[in-house]
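Hi everyone, thanks for coming. Please have a look at the structure on the screen, and then I'll walk you through a few spots in it.

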Amino acid sequence: MNVKLQAMINCGRWVEAEFGRRTLDRVLARCRPELRGRYESGIVIEWVPLADLMEFYEAVVAVAGDGDRHVLRASGAASARKNFRGWATRIATRLLSAETVFRRASSLWRQYNDAGELCLLELSEGTCRLEIRGVPSPHWGFC
């Protein structure tokens, strides 16, 4: 499975903003040289193997999170906020129903992942359940 490099770059930028360049350098030092090169010179729309992203995430957890996987949740939340920062996106999320927004999120899956799907299972007052299906060799960092 391949994913867009954007996920790794967003996470790395968040690590640098929260913990400093030195911490990001320590994260990158734990990664294979090819992966470091891809991070440093790649473009966000480039496809990378999921295994590369998971290697990077594991290094982030080890270095920035001191072994605590919650650091990835904080990074993911920051990335989501960044993606919803544009004025058009903010207006659309206010005008559209929650169901429309979550169904749209499901349809965007393939723009960032070349396998699997994001399924909306339940949407009710105060509850939303999504499921990721069909991801070969799932990894905790991807969740």
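Let me start with a term: a nonpolar core is a set of buried Ala, Val, Leu, Ile, Met, Phe, Trp, Tyr and Cys residues joined through side-chain atoms within 4.5 Å. Buried means under 20% relative accessible area, with exposed over 50% and partly exposed in between (1.4 Å probe, protein chains only).

What you see is a predicted model, where local features need pLDDT of at least 70, side-chain atom pairs count only at pLDDT 80 or more, and totals for chains, interfaces and linings use all residues. Residues are numbered from 1 along each chain as its sequence is written, and side-chain values use heavy atoms, leaving out hydrogens and water.

So, how many residues does the largest nonpolar core have? There are 31, and Val15, Phe56 and Val60 have the most contacts inside this core. Helices H1 (6-19), H2 (21-29), H3 (33-41), H4 (50-63) and H5 (70-83) each supply at least two of its residues; helices here are DSSP runs (H or I, at least four residues), numbered from the N terminus, and strands are E runs of at least two. H4 gives the largest share, 9 residues.

Now stay on H4, which also holds Asp52. Is Asp52 buried or exposed? Asp52 counts as buried because its relative accessibility is 10%. Its side chain makes a polar contact of 3.4 Å with that of Arg38. By that I mean a pair of N or O atoms within 3.5 Å; within protein, one must be able to donate a hydrogen and the other to accept it, and residues adjacent in sequence count only if both atoms are side-chain atoms.

Last stop: Phe142, in the segment after strand E4 (127-133), is buried at 17% relative accessibility.
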